[in-house]
Amino acid sequence: MEIKVISFNIRCVDDPGGHSIAERAPRLAAVTDCYDADIIGFQEYRPAWEPWIEKYYGDRYDMFLKSRCETDKEATPILWRRDKFDCVKTGFFWLSDTPEVESGVGTKYIIATAYAYLWFWKISKPEKGLR
């Protein structure tokens, strides 16, 4: 069994001179398509990326994301191939002494992570009713 996983920092902001989200999104898709990943993790996702992620990944992948805090909509989404996985559970926690409460430790940024439990059904699709 082989599962291809990649991680990519998409850089949250628009930069001038060929580095806007609209200019970077097709390049991101070209790079990630080369790997034909089963699971993709993105860092520094912002709402401005949403139409581009939907355009380039929406037909093949399901996605889970949650913003790290109410005032900063940055997120670390997880995408998985819907033709290979069923999502059993998703979750989110802050990297702190109180992981269930919006918080951070020793940094000016609030650091959080998302996770997903996935059933790789291409190998062993469960019989109906066994989930």
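Tyr61 is buried, at 6% relative accessibility (buried means under 20% relative accessible area, exposed over 50% and partly exposed in between, with a 1.4 Å probe and protein chains only). The model is a predicted one, in which local features need pLDDT of at least 70 and side-chain atom pairs count only at pLDDT 80 or more, while totals for chains, interfaces and linings use all residues. Residues are numbered from 1 along each chain as its sequence is written, and side-chain values use heavy atoms, with hydrogens and water left out.

Tyr61 forms one aromatic cluster with Phe42 and Tyr57. Seven aromatic pairs are present in the structure (ring centres of Phe, Tyr and Trp, the last by its six-membered ring, lie within 6.5 Å; planes under 30 degrees apart are stacked, over 60 edge-to-face and the rest tilted). Phe42 and Tyr57 have ring centres 5.8 Å apart and planes at 65°, so this pair is edge-to-face. Because Phe42 belongs to strand S2 (residues 39–43) and Tyr57 to helix H2 (residues 50–57), the pair ties together parts 15 residues apart in sequence (helices, H or I with at least four residues, and strands, E with at least two, are DSSP runs numbered from the N terminus). Phe42 is buried at 1% relative accessibility, and Tyr57 is buried at 2%. The rings of Tyr57 and Tyr61 are likewise edge-to-face, with centres 5.9 Å apart and planes at 70°.

## Charge over a ring

The charged end of Lys66 sits over the ring of Phe92, 5.1 Å from its centre (NZ of Lys or CZ of Arg within 6 Å of the ring centre and within 35 degrees of the ring normal).
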